[in-house]
Amino acid sequence: MFSSLPNLLTWARVLAIPLLVAVFYLPAARPTQDVVATVIFVGAALTDWLDGWLARKLGQTSAFGAFLDPVADKLIVCAALVLLVQMERTDAIVAAIIIGREITISALREWMAQVGASASVAVHSIGKFKTIAQLVAIPLLLYDGALFGLIDTRLIGNWLIYVAAVLTVWSMMYYLRRAWPYLQGAR
């Protein structure tokens, strides 16, 4: 299952991360860099949906895929947020909140799996809404221009990334509350 089509798509998402970063170090005009980075990120986001759909459709779900998929998602989102902070397109506090939550919840899920309670911190709709807000905000902020000559992508992207930050805190509190009985008993 390591090289199934869904897992290969997930690996492509991991490999897209250095490409996303490299775009901003290539000798090209900033608008060209912005468009290429946006295309890379949107392509990666689409493979996130596609690999899950294919894994279920083809009966190729695997423990490795279940591990790698969220790791790939978190890595590309974190890399994009660092780039956006460096380019002053979003605030460092927003990136710190989102990245901090991802690390915290990943560690919490790993620990909960070790104590046999992973179902307590399974993906919830709040987390899904957070992900949607991030996956729309980030390409808008990467594009950083007037889409169709009308839509201020930085304005909308920043609004959505703040929504994502709020949902990030909300979802983290939800998962921590679900894990609280297990955390209280931990020694």
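Predicted model: local features only at pLDDT ≥ 70, side-chain atom pairs only at ≥ 80, totals over all residues.
Student: Is F148 buried or exposed?
Tutor: F148 sits in the loop between β1 and β2, and its phi is near 60°, a positive value in a residue other than glycine. Because exposed means over 50% relative accessible area, the 70% computed for F148 makes this residue exposed.

Student: Which residues make the nonpolar surface patch of about 560 Å²?
Tutor: One of its members is L150, which lies in the loop between β1 (146-147) and β2 (151-152) and counts as exposed at 74% relative accessibility. F148, from the loop between β1 and β2, is also one of the members. The complete set is F148, L150, I151, L155 and I156.

Student: Is F41 buried or exposed?
Tutor: F41 is found in helix α2, residues 30-57, and, leaving aside neighbours within four places in sequence, it is in contact with L20, I76, V77, A80, L135, I138, P139 and L142. Since buried means under 20% relative accessible area, the 1% computed for F41 makes it buried.

Student: What separation do the C-alpha atoms of F41 and I138 have?
Tutor: I138 is among the residues in contact with F41, although the two are 97 residues apart along the chain. The separation of their C-alpha atoms is 8.1 Å.

Student: With which side chain does the side chain of D69 make a polar contact?
Tutor: D69 is found in helix α3, residues 63-86, and, leaving aside neighbours within four places in sequence, D69 is in contact with T10, R13, D48 and D51. The polar contact, at 2.5 Å, is with the side chain of R13.

Student: In which element is confidence highest?
Tutor: The chain averages a pLDDT of 89, and 95% of the residues score at least 70. Confidence is lowest in β1, at a mean of 86, whereas the highest, at 93, belongs to helix α1.

Definitions and conventions: Residues numbered from 1 in each chain as written. Heavy atoms only, no water. Patch = residues over 30% accessible without salt bridge, like charges linked within 9 Å, V, L, I, M, F, W, Y side chains within 5 Å. Areas by Shrake-Rupley, 256 points an atom, 1.4 Å probe, with all protein chains shown as cover. Salt bridge = Lys/Arg side-chain N within 4 Å of Asp/Glu carboxyl O. Helix = DSSP H or I, 4+ residues; strand = E, 2+ residues; numbered from the N terminus. Buried < 20%, exposed > 50% of the residue type's maximum accessible area, 1.4 Å probe, protein only. Contact = heavy atoms within 4.5 Å. pLDDT = per-residue confidence, 0-100. Polar contact = N/O pair within 3.5 Å; in protein donor to acceptor, adjacent residues only side chain to side chain.
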